[in-house]
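Dear colleague,

Please find the structure below, together with an account of what was found in it. I would be grateful if you would read the two side by side.

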Amino acid sequence: MSKDVKLRNFHQAKWDEPIIFELSTPGQRGILLPRIDNEVVNTVGNIDEVIPKGMKRKNKPKLPELAQPQVLRHFLRLSQETLGQDINIDIGLGTCTMKYSPKIHEQFVANHKFSELHPLQDESTTQGILEIMYKMEQFLKELSGMDAFVFQPGGGAQAVFSNASILKAYHTDRGEGEKRNEIITTAFSHPVNSAAPHTKGFKVITLMPDKETGYPSIEALKSVVSDRTAGLFITNPEDTGIFNVNVKEMVDIVHEAGGLCIADIADANGLFGITRAKEVGYDMCHYNLHKAFSSPHGSMGPCCGAQGVKDFLAKYLPVPVVKYDGSKYYLDYDRPESIGKIRKFYGVVAAVLRAYSWIMSIGADGLKEVSELSILNNNYLMKRLLTEVRGISAPYSEGNYRMEQVRYSWQKLKEETGIGTNEVERRCMDYGVQEYYQSHPPYLVPEPFTPEPNETYSKDEIDEYVSILKKVSQEAYENPEIVRTAPHNAPISLIPTDPITNPEDLIVSWRVYKRKKGLK
Amino acid sequence: MEKKKNIVYPYMPNSVESIKKEMMDELGIKNIEELYSYIPEKLRMKGKLNLPEPLLSEIELKEHVEGILSKNISCNEYLSFLGAGCYRHYVPAVCDEVNRRSEFLTAYCGGTYTDHGKCQAIFEFTSLMSELVDMDVVSLATYDGGQATCTSLRMTHRITGRKELLVPSTMNPEILSQLRNYCDFMTITLVDYDPKTGQMDLDDLKRKISEDTAGVFIENPSYLGFIEEHGEEIGKIAHEHGALFVVSADPSSLGILEAPVTYGADITCGDIQCLGMHMGYGSGQSGYIASKDDPKFIMNFPNHFYSLYENEKGEFGFSRSLNQRTSYGSREKAVEYLGTNTGLWAITAAVYLSLMGPEGMYELGENIMYKSQYAVKVLSKVKGVKVLFDKSTNFKEFILNFDDSNKTVEEINKELLNRGIFGGKDLSKEFKQLGQSALYCVTELTKKSDIDRLANELSQILK
């Protein structure tokens with residue numbers, strides 16, 4: 001039935017583009033400003049005398065000097081040396097839901113009726129955007145069963161931090177803020193479920209997965225729950241794409257002990273219309289609007305972590321919240337028990353506008369279609385990989401279906417050929433696909449990789465992806481050197497980037513590079 | 001639950017029934033539900049999501065969304081004097097051209113090879129910022145300037161082991177709120193200001209600083225618009241007590257005003273929305289953090305560093321480095337948490353700074369400096385209007401006080417709105433001691449005629 005796809009004779013753009021500072025020619029200008037009105041100059045006088053003593057900059061910043069076409073060309077060359085989702089089969093970056101971001105949405109965010117809105121304008125002049133925020137909140141309430149949402153967190157991680165802040169406020173109000181200082185999470189939950197509560201001052205207990213099922217046992221949870229438990233931060237399905245069928249029992253145990261339960265639903269793509277936070281019994285959750293809700297990832301942001309809570313926690317949400325009084329939308333700041341601000345203003349509203357547009361374009365049936373196709377694509381990919389690609393395995397819950405992604409292992413390949421996941425990853429890109437995501441820590445699955453073939457990839461593209469992995473695996477057995485020395489078709493060849501551990505070796509600015517090299 | 005038949009969704013290639021069937025056949029299943037039937041019944045959603053009927057065609061969607069957006073009135077339509085943390089600067093066309101490129105817009109966390117161009121652009125962002133603030137180490141951009149301040153001040157705790165922060169009582173109230181939540185284990189003390197100038201009260205600073213002070217913080221220019229002139233003394237007082245000196249500096253001022261490091265800052269931070277980002281109702285915010293090239297600072301950054309590597313061919317590559325600091329490297333053992341921030345705005349700021357160059361940044365600062373002084377001069381002549389802190393010099397923002405009129409800021413702003421003007425941010429709730437005051441903002445986009453018009457309209461309103 002499935003066929004091998006002819007692989008591309010691919011080479012990525014290779015511009016050998018200098019660092020922008022090397023392109024500088026003294027005197028060139030990229031853009032000019034309007035002349036200052038004579039009358040303004042005459043009224044104000046000599047600006048050097050106006051600037052307070054010692055505050056006038058003595059040495060101009062050593063920025064490069066380029067004309068406009070050269071600046072544009074430089075950055076366009078860099079853009080060509082970047083494999084965005086729009087131009088490649090971006091299945092490899094699992095846990096990230098690299099889905100198509102509809103182009104019409106970019107017209108909406110570029111519309112001056114959005115792009116030129118100041119966040120402090122009178123509400124009578126922002127009724128349109130407030131309406132979109134309000135309606136999007138209603139959509140997310142329906143999708144999750146939660147009672148209130150805000151969009152202020154600037155990403156999923158900040159939403160987890162905001163939830164951790166509410167968790168602390170809740171226990172503090174109940175006089176248990178000091179005592180309940182532990183949170184529980186799982187090893188396959190995104191690392192921010194450990195790090196954000198820890199940043200908020202909680203101790204972290206991490207449950208390890210059962211060897212068979214891939215998720216923690218009820219007994220493991222029971223053994224750590226106590227009157228010190230503040231809450232459970234959990235992802236389901238976890239990074240492995242395995243749905244934890246005991247999640248409700250876990251939530252009940254934590255509730256019984258007086259803790260709250262917080263769901264990281266960044267990976268929502270397999271859940272729409274199938275299962276909701278409410279039925280599980282979660283108290284708080286967040287969605288990433290730049291993942292399952294189609295807002296583009298933007299070279300790592302800007303993005304939006306939509307934070308949702310049950311009624312009894314809504315008073316703690318970051319301020320302000322959007323309200324509707326039957327005739328007009330408004331921002332409610334009168335929230336004395338709020339945790340305050342998490343980010344300036346109301347968050348990355350551009351992502352809300354796009355996510356709203358996305359839901360409006362597919363509706364309830366479309367959302368369920370998103371999840372069903374993600375699950376179908378993923379299990380189709382898994383079946384083909386496990387039956388046709390040598391050296392690959394999918395640890396845990398063997399023989400069972402998965403949700404929207406799978407964490408595979410190249411351990412067998414490594415044992416048999418010496419080629420591990422780093423090398424395979426580098427070689428895959430020679431065939432025109434993005435690097436893949438290996439794993440969040442801890443690296444429980446050896447030689448891991450985590451693809452996620454969401455609903456926006458065609459069967460042909462999934463087949464092509466399978467053929468690429470098949471080919472690379474075959475090369476590992478027959479011609480490992482070509483894999484080991486990959487990439488061969490990327491903008492640069494292999495470069496020793498073994499993680500540096502000594503801060504003395506860090507070079508994050510051109511001036512430091514020049515200094516270390518003794519260059520002028 | 002009956003699903004509508006035969007909808008083929010343009011964003012979902014496999015929504016064609018024959019393709020689904022082909023894939024299901026490969027898996028040996030009859031319907032997709034078999035793939036998730038193991039999810040317990042009690043967790044399954046009953047019935048259909050209650051959402052509006054979709055607008056399946058792009059034509060209908062466009063009409064619908066643009067219809068809602070048309071209810072907004074933008075700063076292209078009305079004259080705006082709003083600032084207070086989000087600014088209407090000119091966005092060069094090349095900035096939009098680059099950040100709307102599919103390759104950058106839809107890339108994510110790809111690394112050294114496939115996203116070489118993105119990595120280089122990020123390295124150039126940190127390199128360009130490092131010249132602007134004159135410090136060697138800059139991390140990838142943070143969520144916003146507020147987060148940059150929060151992290152910078154938390155770093156002072158980690159470096160000094162102390163738990164007290166001294167911050168100006170004139171500081172941005174939104175950022176102060178972020179800080180109170182982010183550093184809730186620290187004691188945050190407000191330092192008074194001189195009521196005539198707004199400048200930090202150095203005697204009060206000396207009274208409040210102690211051997212428990214981790215960091216002393218100022219904003220320059222301050223949230224209320226004046227240039228803080230005593231940076232060097234403040235830094236000295238901080239250092240004498242073993243505390244670190246953190247300065248939030250507006251990048252649009254740094255072509256003409258001194259970089260904080262020259263007056264003693266150990267960490268410089270701030271918001272880069274002014275460097276090529278549209279306001280987007282607050283979507284354009286993004287933060288920067290910079291420090292000296294010193295391991296004790298470097299190892300306390302929670303954000304990604306894209307370090308430069310070189311191979312034997314002389315090619316440069318870039319890779320995330322010292323990852324043990326970050327939660328992607330070591331979960332809760334990281335110095336703080338980390339997630340996806342604002343990479344596209346970092347790239348945009350790199351484009352902006354490359355276009356502007358040293359002369360452009362100087363002229364930007366000069367332009368705003370002139371406009372600010374002009375506005376203060378012209379508006380202070382309006383009857384019923386007082387400019388507060390007029391003994392200090394303003395950059396970009398300034399306070400108009402209306403206590404001498406019989407109107408509140410709210411009333412005045414309503415009347416301005418009726419005349420097509422967004423008045424300044426009402427300060428009367430957050431800074432009660434300033435009476436009926438508003439924070440006004442001018443940038444290089446504000447014309448002399450705009451300021452004259454404002455003066456004229458205010459004269460009529462306050463008549």
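**Domains of chain B**

The C-alpha centres of domain 1 and domain 2 of chain B are 55 Å apart. Chain B as a whole is divided into domain 1 (13–61), domain 2 (79–89 + 359–461) and domain 3 (93–353), with bounds that come from an automatic or database domain assignment.

This is a predicted model, in which local features need pLDDT of at least 70 and side-chain atom pairs count only at pLDDT 80 or more, while totals for chains, interfaces and linings use all residues. Residues are numbered from 1 along each chain as its sequence is written, and chains are lettered from A and ligands numbered from 1 in the order in which they are written.

**Contact between the chains**

Chain A gives 171 residues to the contact and chain B gives 181 residues; two residues are in contact if their C-beta atoms, placed from the backbone, lie within 7 Å. On the side of chain A that touches chain B, the largest share, 22 residues, comes from helix H12 (residues 349–388) of chain A. Helices (H or I, at least four residues) and strands (E, at least two) are DSSP runs, numbered from the N terminus.

**A helix pair in chain B**

Helix H6 (residues 145–160) of chain B packs against helix H7 (residues 173–182) of chain B at an angle of about 45°, with the axes 9 Å apart. Axes are lines fitted to C-alpha atoms, for helices over the stretch in contact, and angles run from 0 to 180 degrees between N-to-C directions. H6(B) and H7(B) are therefore oblique to each other, since angles under 35 degrees count as roughly parallel, over 145 as roughly antiparallel, 65 to 115 as roughly perpendicular and the rest as oblique. Among the residues that make this contact are Cys150(B) and Leu153(B) of H6(B) and Ile175(B) and Leu179(B) of H7(B).

**The sheet of chain A**

An open sheet of seven strands in chain A has the order E1-E7-E6-E5-E4-E2-E3, with mixed pairing; two strands pair if DSSP finds at least two bridges between them. Its edge strands are E1 (148–150) and E3 (203–207) of chain A, each pairing on one side only. On average, neighbouring strands are turned by 20° against each other, direction ignored.

Within the sheet, strand E5 (residues 260–264) and strand E6 (residues 284–288) of chain A pair in the parallel sense over three bridges, and Ile262(A) stands opposite Met284(A) in E6(A). Helix H10 (residues 247–256) of chain A packs on the sheet and touches E4 and E5 of chain A.
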